[in-house]
Amino acid sequence: MKLSHSRIQFIQSCLKKQKYYDGLIDGIIGPKTQKAVEVFQQNNKINVTAEFDETTFSKLEWLMKGYDIFKVNSQNVLYEYANKNGITAHDIIISNPKVNPFLLTENENIIVPNTNSIVPTDINYTYEILEENIESLKTLYPFIQVDIIGTSVDYRNIYRIRIGEGENKVSYNASHHANEWITTPLLMSWLEKFLRVYTLRGSIKGYSTEEIWKNSTIDIIPMVNPDGVELVVNGLENITVNRDQILEWNNYSEDFSLWKANINGVDLNRNYDAGFYEYKEIEEDFGAFGPGPAMFAGPYPGSEPESRAMIELTRSNNYRLVLAFHTQGQVIFWDYRGLQPEESYDIALTFSDVTGYALDSPDLSQSFAGYKDWFIKEFRRPGYTIEVGSGVNPLPMTQFPLIYENNEELLLLASII
Ligand SMILES: [Zn+2]
């Protein structure tokens, strides 16, 4: 079976989580990976070949998905499925709201979660993984709401995942900037943990997930710029639009690690109607002479399908607060030309407290046409840009644990503050 490099990495990551593998996550099938596959095959009572044959791969896929589907037979009862998979009957009931747990019907398919957490946090996170993870979360936690709020230039979906049913509506978005994609697994793994704990009616860092669910609605837009992320992580391989131009805009280099824009070469976080035309006047001072990897604002505000989707989403929801996740510097930007409400600063101080990130006011290069700027300008409500991590973009996944730790409480708190 032919598997792509990133697919093998995903499998290695999964085998590592399940303690089958302790080698490097390098996308290469070496002796350690083969050994891991062998033990995996033994444990799952499939033909031991140490190779990725169809049967092995589909078993692995179920593991990566976080659940299996079983056909009920007359001898089975729910807790047996649970026992076999190291979970509780309650877990199964959550994922099968339409199934009567006391009366399983023969030949009925039931979803049985496994103990694997699904969002990988040690490999480059791609659009493909995002789609798989969303599909899994929807299956495991059918009470969440998933919508497509728009499509990118290259027809990838821009997803919105909604949790909670309270009046306090907030929204969190990530990956406006392509090479800041580490912000996507941040939101996704927070979401996965939240959902898991919520089904147990538990708390995270002292925050009751049940209370949050009742009082708040959280809209998560995990990847605003899916084409850009695809370009940064996998290069041009899966890009179907503007291929020649993209290469030219990138000075004919196939290394896209500096790419922030969408694949029209427009910097989405310079494409909102907040100081837009002012910025256009001085755009060249920032090195943007036209479409390119970063800093080009586009022809007019909202010219791009990705920013337009965000504008429409934001206008049609009465968000009390928004968080826009970026990377670099471990700072929080909280104001916009004095247009933010009084409370913005106090909230920012609390956010600074829980993240350990410093507060910052934008310097010239930051104060134009960004999403949070536009949100503050248009709605006069608290909006924040959270710059996670530090180093060179794209930040390596080795920074992920710290980034997650810094932001876990912020993501809870922002929904109720
Ligand atoms: Zn950014």
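Colleague: What is the site of the zinc ion like, given the angles among its four donor atoms?
Modeller: The site is irregular, with angles of 54 to 142° among the four donor atoms. Four donors are tetrahedral if all angles lie between 85 and 135 degrees, four are square planar and six octahedral if opposite donors are over 155 degrees apart and all others between 65 and 115, and anything else is irregular. This is a predicted model, in which local features need pLDDT of at least 70 and side-chain atom pairs pLDDT 80 or more, while totals for chains, interfaces and linings use all residues. Residues are numbered from 1 along each chain as its sequence is written, and side-chain values use heavy atoms, without hydrogens and water.

Colleague: Which protein donors does the zinc ion have?
Modeller: They are H177 (ND1), E180 (OE), E180 (OE) and H326 (ND1), at 2.1 to 2.5 Å from the ion. Donors are N, O and S atoms within 2.8 Å of the metal (3.2 Å for Na, K and Ca); water is not among the atoms, so sites may look incomplete.

Colleague: And what spacing do the donors follow along the chain?
Modeller: The spacing is H-x2-E-x145-H.

Colleague: Changing topic, at what angle do α6 and α7 pack?
Modeller: Helix α6 (residues 127-140) and helix α7 (residues 183-199) pack at about 10°, their axes 12 Å apart. That makes α6 roughly parallel to α7, the term for angles under 35 degrees. Axes are lines fitted to C-alpha atoms, for helices over the stretch in contact, and angles run from 0 to 180 degrees between N-to-C directions. Helices (H or I, at least four residues) and strands (E, at least two) are DSSP runs, numbered from the N terminus.

Colleague: Which residues of α6 and α7 meet?
Modeller: In α6 they are L130, N133, I134 and L137, and in α7 T184, M188, L191, E192 and L195. Contact means heavy atoms within 4.5 Å.

Colleague: How do α12 and α14 pack?
Modeller: The angle between helix α12 (residues 305-315) and helix α14 (residues 371-379) is about 35°, with axes 12 Å apart. M310, I311, T314 and R315 of α12 make the contact with Y371, W374, F375, E378 and F379 of α14.

Colleague: Where is P394 found?
Modeller: P394 lies in the loop between β12 (383-388) and α15 (400-413). A cis peptide bond joins N393 to P394, with omega about -10°.

Colleague: What is phi of Y252?
Modeller: Phi is near 60°, a positive value in a residue other than glycine. Most residues other than glycine have a negative phi, and most peptide bonds are trans. Y252 is in the loop between α10 (243-249) and α11 (276-282).

Terms used
Angles under 35 degrees count as roughly parallel, over 145 as roughly antiparallel, 65 to 115 as roughly perpendicular and the rest as oblique.
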